[in-house]
Amino acid sequence: MNKELENRIYAAAISADFVTTFYKDYVNFEAHSPCGEDIGFEVYKEDYTFDDIFDEVMANFKYFDVDEHATMWYETNGKSGAPTDLRTLLYDAQTIKNIYGYLYMQMYSLKEKLEEE
């Protein structure tokens with residue numbers, strides 16, 4: 001992947017409050033939820049492409065289950081500093097879904113621009 005495309009991906013991710021780091025064989029996306037949960041994902045491929053990144057962004061948004069995520073943290077009973085209030089957990093999980101959705105929108109916009117060029 002060329003440096004110009006990396007910079008464009010980085011800019012799109014930053015606008016969605018994700019920090020993106022490019023490595024030789026993977027790309028790391030990192031952000032934080034309102035409650036301080038570290039969220040993110042990696043795209044692993046030796047020669048990853050924009051389409052690989054786009055597909056992973058889309059999958060994280062599409063398959064993120066708000067109820068399942070909130071339930072997972074609720075069942076920890078506050079371990080690891082997780083909130084114990086179900087409303088807070090549901091709000092945080094919905095916000096995570098929205099964060100992934102906004103990242104998807106930014107990447108979709110970039111995808112359209114790349115296709116026009």
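Before going on, a word about the model. It is predicted, so local features need pLDDT of at least 70 and side-chain atom pairs count only at pLDDT 80 or more, while totals for chains, interfaces and linings use all residues. Residues are numbered from 1 along each chain as its sequence is written, and side-chain values use heavy atoms, leaving out hydrogens and water.

**The sheet**

Helices (H or I, at least four residues) and strands (E, at least two) are DSSP runs numbered from the N terminus. Here 3 strands make an open sheet in the order β1-β2-β3, with antiparallel pairing; two strands pair if DSSP finds at least two bridges between them. Because β1 (19–22) and β3 are at the edges with a single partner strand each, one side of each has no neighbour in the sheet. From one strand to the next, the twist averages 15°; angles run from 0 to 180 degrees between N-to-C directions, with axes fitted to C-alpha atoms, for helices over the stretch in contact.

β1 and β2 are joined by 4 bridges, and T21 stands opposite N28 in β2. Strand β2 (residues 26–32) is joined to β3 by 7 bridges, and Y26 has Y44 in β3 opposite it. The two strands form a hairpin with 5 residues between them, where G36 in the turn has a positive phi of about 90°. On β3 (residues 38–44), I39, F41 and V43 make up the covered face, and D38, G40, E42 and Y44 the uncovered one.

Which strands does α2 touch as it packs on the sheet? It touches β1, β2 and β3, and its direction makes about 145° with that of β3; contact means heavy atoms within 4.5 Å.

**The core**

A nonpolar core is a set of buried Ala, Val, Leu, Ile, Met, Phe, Trp, Tyr and Cys residues joined through side-chain atoms within 4.5 Å. The largest one has 30 residues, and I9, F18, F29, F41, I53, L103 and M107 touch the most other members. Its largest share, 9 residues, comes from α4. Not counting residues up to four places away in sequence, I53 touches M1, I9, F22, V27, F29, V43 and Y48.

**Aromatic rings**

Rings of Phe, Tyr and Trp (its six-membered ring) pair if their centres lie within 6.5 Å; planes under 30 degrees apart are stacked, over 60 edge-to-face, and the rest tilted. There are 13 aromatic pairs in the structure. Two of them are shown here.

| Pair | Centre to centre | Angle between planes | Type |
|---|---|---|---|
| Y23 and Y26 | 4.6 Å | 20° | stacked |
| F54 and Y108 | 6.3 Å | 40° | tilted |

Since F54 lies in helix α2 and Y108 in helix α4, their pair ties together parts that are 54 residues apart in sequence. F54 is buried, with a relative accessible area of 5%, whereas Y108 is partly exposed at 37%. Ring pairs also link F18, F29, F41, F64 and Y100 into a cluster.

K111 lies over the face of F54, 4.8 Å from the ring centre. A charge sits over a ring if NZ of Lys or CZ of Arg is within 6 Å of the ring centre and within 35 degrees of the ring normal.

Conventions. Buried means under 20% relative accessible area, exposed over 50%, partly exposed in between (1.4 Å probe, protein chains only).
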